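The model is shown first, and the account follows.

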Amino acid sequence: MLLLIVEDDDHVASALAAVLGRHGFDTERARTGAQALEALSHDPDLVLLDLGLPDTDGFDLCRRMRQRYDRPILVVTARTDTRARIHGLNLGADDYVVKPYDVGELIARIHAVARRSAPRGETATPTRHAGPISVDVDSREATVDGRPVQLTRKEFDLLAMLARQPGVVFSRGQILSEVWSTHWQGSQRTLEVHVASLRTKLGLPDAVQTVRGVGYRLRP
């Protein structure tokens with residue numbers, strides 16, 4: 001998943017790119033509004049837009065990007081004025097995060113706006129693929145190289161979530177919230193048990209990869 005970071009501050013941009021890379025995202029950087037508009041030709045999956053740019057008004061850039069770009073735009077800025085947030089959303093932004101932000105919240109918002117966006121090049125399809133793994137969300141069937149895999153309800157929900165964006169890291173908190181509808185940290189052990197069981201049933205020990213200190217991802 002390619003994210004376009006529109007940020008003129010080198011320190012902020014490099015730190016953000018490092019964090020996003022650790023979570024499995026590919027990133028591209030634009031320092032100015034002109035570079036951002038040019039980078040849209042690379043077809044990023046999502047734009048992280050800072051409003052304080054040296055060559056253009058951030059709100060105007062948001063409007064111009066929305067006119068030619070139908071993927072999510074997430075405004076990341078230090079502006080806290082409620083009217084500014086409303087204005088940005090009215091111009092076409094999909095969400096708004098105020099600096100300084102919690103990294104976990106930012107990642108969760110990226111996943112949320114990406115989830116609401118239609119998959120690139122696809123109509124509404126129930127099937128997700130990651131290497132030899134296929135997950136049919138409608139029929140709740142999973143296969144490996146065409147071989148049916150019998151999964152429990154939670155195991156299937158976990159696999160379907162990871163298969164939504166192979167290669168992208170989902171934090172433990174995100175998984176617990178979506179699959180188990182809880183944020184209780186005591187559920188971490190339950191998650192680990194289900195991951196271990198899922199690896200065994202798939203017959204692919206490295207299909208579900210652990211990213212230390214972050215969460216899990218499905219190998220692309």
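R83 is exposed, with a relative accessible area of 65%, where buried means under 20%, exposed over 50% and partly exposed in between, for a 1.4 Å probe and protein chains only. D81, by contrast, counts as partly exposed at 36%, and R83 forms a salt bridge with D81, meaning a side-chain nitrogen of Lys or Arg within 4 Å of a carboxyl oxygen of Asp or Glu. The model is predicted, so that local features need pLDDT of at least 70 and side-chain atom pairs count only at pLDDT 80 or more, while totals for chains, interfaces and linings use all residues. Residues are numbered from 1 along each chain as its sequence is written, and side-chain values use heavy atoms, with hydrogens and water left out.

By this rule the count comes to 15 salt bridges, including the following.

| Salt bridge | Closest N and O atoms |
|---|---|
| R83 and D81 | 3.5 Å |
| E105 and R109 | 2.9 Å |
| R219 and D206 | 2.6 Å |

The relative accessible area is 35% for E105, which is partly exposed, and 26% for R109, also partly exposed.

The domain assignment, which is automatic or taken from a database, gives domain 1 (2–114) and domain 2 (128–218). In contact, that is with heavy atoms within 4.5 Å, are 8 residues of domain 1 and 11 residues of domain 2. Between domain 1 and domain 2 the count is 0 salt bridges.
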